[in-house]
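Subject: Structure for you to look at

Dear colleague,

I am passing on a structure that you have not seen before, and my notes on it follow below. Please read them with the model open beside you.

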Amino acid sequence: QVQLVESGGGLVQAGGSLRLSCAASGSIFTINDMGWYRQAPGKQRELVATISSAGSTNYADSVKGQFTISRDNGKNTVFLQMNSLKPEDTAVYYCNADIIGTRGTRFRDVWGQGTQVTVSS
């Protein structure tokens, strides 16, 4: 079994920064794509950013130039650096990963429990 655990959310004033972390644990052989998604109240979950095992990144247009995704493959961890935060960035942020287990089982869509980010105006 594998799991993802996010940390780093909280309350911040507009213009501030936060860094989210997501650590994968369990019987992991390798992790393919990792990503961050968010869900604001009353809205659908949306993609924020993804990163491949080789480090290729993809961002939602709404966060380009504002957020940076990175990963530490040795620690099975993905990060999201969020700068110049705005009230509209308020949401629950979820980590997602495509994981290959040590027995060859592929866990295509593993989700963390989410971490709340609240940006006050």
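Leaving aside its neighbours within four places in sequence, which residues is Tyr-93 in contact with? With contact meaning heavy atoms within 4.5 Å, Tyr-93 is in contact with Glu-6, Leu-20, Trp-36, Tyr-37, Arg-38, Val-48, Phe-67, Leu-80, Met-82, Gly-114, Thr-115 and Val-117.

Before going further, please note that this is a predicted model, in which local features need pLDDT of at least 70 and side-chain atom pairs count only at pLDDT 80 or more, while totals for chains, interfaces and linings use all residues. Residues are numbered from 1 along each chain as its sequence is written, and side-chain values use heavy atoms, with hydrogens and water left out.

The core

A nonpolar core is a set of buried Ala, Val, Leu, Ile, Met, Phe, Trp, Tyr and Cys residues joined through side-chain atoms within 4.5 Å, where buried means under 20% relative accessible area, exposed over 50% and partly exposed in between, with a 1.4 Å probe and protein chains only.

The aromatic rings

The structure holds 2 aromatic pairs, and these link Tyr-37, Tyr-94 and Trp-111 into a cluster. Rings of Phe, Tyr and Trp (its six-membered ring) pair if their centres lie within 6.5 Å, and planes under 30 degrees apart count as stacked, over 60 as edge-to-face and the rest as tilted. Tyr-37 and Trp-111 are edge-to-face, at 5.0 Å centre to centre and 65° between the planes, and they lie 74 residues apart, in strand 4 and strand 10. Trp-111 is partly exposed, at 30%. Tyr-94 and Trp-111 are edge-to-face as well, at 6.5 Å and 85°, and Tyr-94 counts as buried because its relative accessibility is 14%.

The charged end of Arg-45 sits over the ring of Tyr-94, 3.7 Å from its centre, and also over the ring of Trp-111, 4.6 Å from its centre; this requires CZ of Arg, or NZ of Lys, within 6 Å of the ring centre and within 35 degrees of the ring normal.

A buried aspartate

Asp-89 lies in the loop between strand 8 and strand 9, and it is buried because its relative accessible area is 3%.

Methods
Helices (H or I, at least four residues) and strands (E, at least two) are DSSP runs, numbered from the N terminus.
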